[in-house]
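Here are some notes to read beside the model, written for someone who has not seen it before.

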Amino acid sequence: METGAIPVAELPGGINLTETLESGQTYIWTRSDGDMYNETPPADSWYETAVDGEALRVRQRDGVLEWQGTTDVVPLLRQLLGLTDNLPAILDTAPGEPVIQDAIEHGSGLRIVGDPPFSTLVAFICSAQMRVPRIHGMVTRMKRTYGTPITIGDRTVYQFPEPAALAAAGEDELRALQLGYRAPYVAETAAMVANGTDPATARDLSYEAARRQLTEFVGVGNKVADCVLLFSLGFLEAVPLDTWIRTAIEEEFPACDKGSYAATSRAIREQFGGEYAGYVQTYVFHYLRQQ
DNA sequence: CGCCAGGCTAGCG
DNA sequence: CGCTAGCATGGC
């Protein structure tokens, strides 16, 4: 096992690890005290996950991100936690509306994650009409049932299942993991990916073309596609139009409601500053959800 | 009990 | 095209 520490002072704008990992962007992490989303974590608890055959643990204390990994996982952590994003520069592009500035102040240190594409695709298919802790429960059950266990120290961490494993599981077994009506969507999308349709190819397209391409997967509409673009594929302008943001549009930016998803999306992206509108959206989402 | 949750699909007019 | 019923399920 390798260990290390990344000084938070080296990260422009710092980081708040709990805000970043418990704000409903990512579902691949578990907390070693087993109490995600419930109260503030004990100072000695770790966030744990496994990606690309490596297990890793990370926690924040005394001005550093302390990590343990089966190898040197610093490059992986940079990717997963968005550590290379320049937060002050990004948030400077946000407009001055009170709700936006309040959200930025409230969520200080929140970073947009960079999760693996397939697990993000499945997690947000599962997110339809579902609360954040229950999405996490579904993903965790899929990991423990069909994922590869990787040992780090005296801990066992499960990797998110391969596409072929979820495709082989099929609708009925996924329903048994409490996926409900999302089970056939996950089974069919997993089969598509296992057969060679790679969600990551959307990276090479323009934003709106990428969103349209992702909706080819079963169970993926515009909103889920936007979540995959923002939280996995690096499209920081993507603004997922979920129930919370639609309410915010209705109450704070009614002129941005253009009827269709595509037109409303263009208007709210401009309202949220354009290039990094997805960052602004995530702060506003987190702020409203915690009221 | 009713309502809601980071919506999507299929089928209608 | 746009609109809507139906879909699982736990928490309040």
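1. In what follows, Ala, Val, Leu, Ile, Met, Phe, Trp, Tyr, Cys and Pro count as nonpolar, Asp, Glu, Lys and Arg as charged, and the others, Gly among them, as polar. On that basis the surface near DNA strand C divides into one nonpolar, four polar and one charged residue. Its members are Gln129, Arg175, Gln178, Gly180, Tyr181 and Ser260, where near means that the C-beta atom, placed from the backbone, lies within 6 Å of the strand.

2. This is a predicted model, in which local features need pLDDT of at least 70 and side-chain atom pairs count only at pLDDT 80 or more, while totals for chains, interfaces and linings use all residues. Residues are numbered from 1 along each chain as its sequence is written, and chains are lettered from A and ligands numbered from 1 in the order in which they are written.

3. Around DNA strand B there are 25 residues, of which Gly24, Ala128, Arg131, Gly221 and Val224 come nearest. Two or more residues each come from α10 (222-231), α11 (243-252) and α13 (277-289), with α13 giving the most, four residues. Helices here are DSSP runs of H or I with at least four residues, numbered from the N terminus.

4. In helix α12 (residues 261-271), Thr264, Ser265, Ile268 and Arg269 are buried, that is, 20 or more other C-beta atoms lie within 10 Å of their own, whereas exposed means 12 or fewer. These four lie on the same side of α12 because they cover an arc of only 135° around the axis, taken from the directions from the helix axis to the C-beta atoms. Ala263 and Glu270, on the other side, are exposed.
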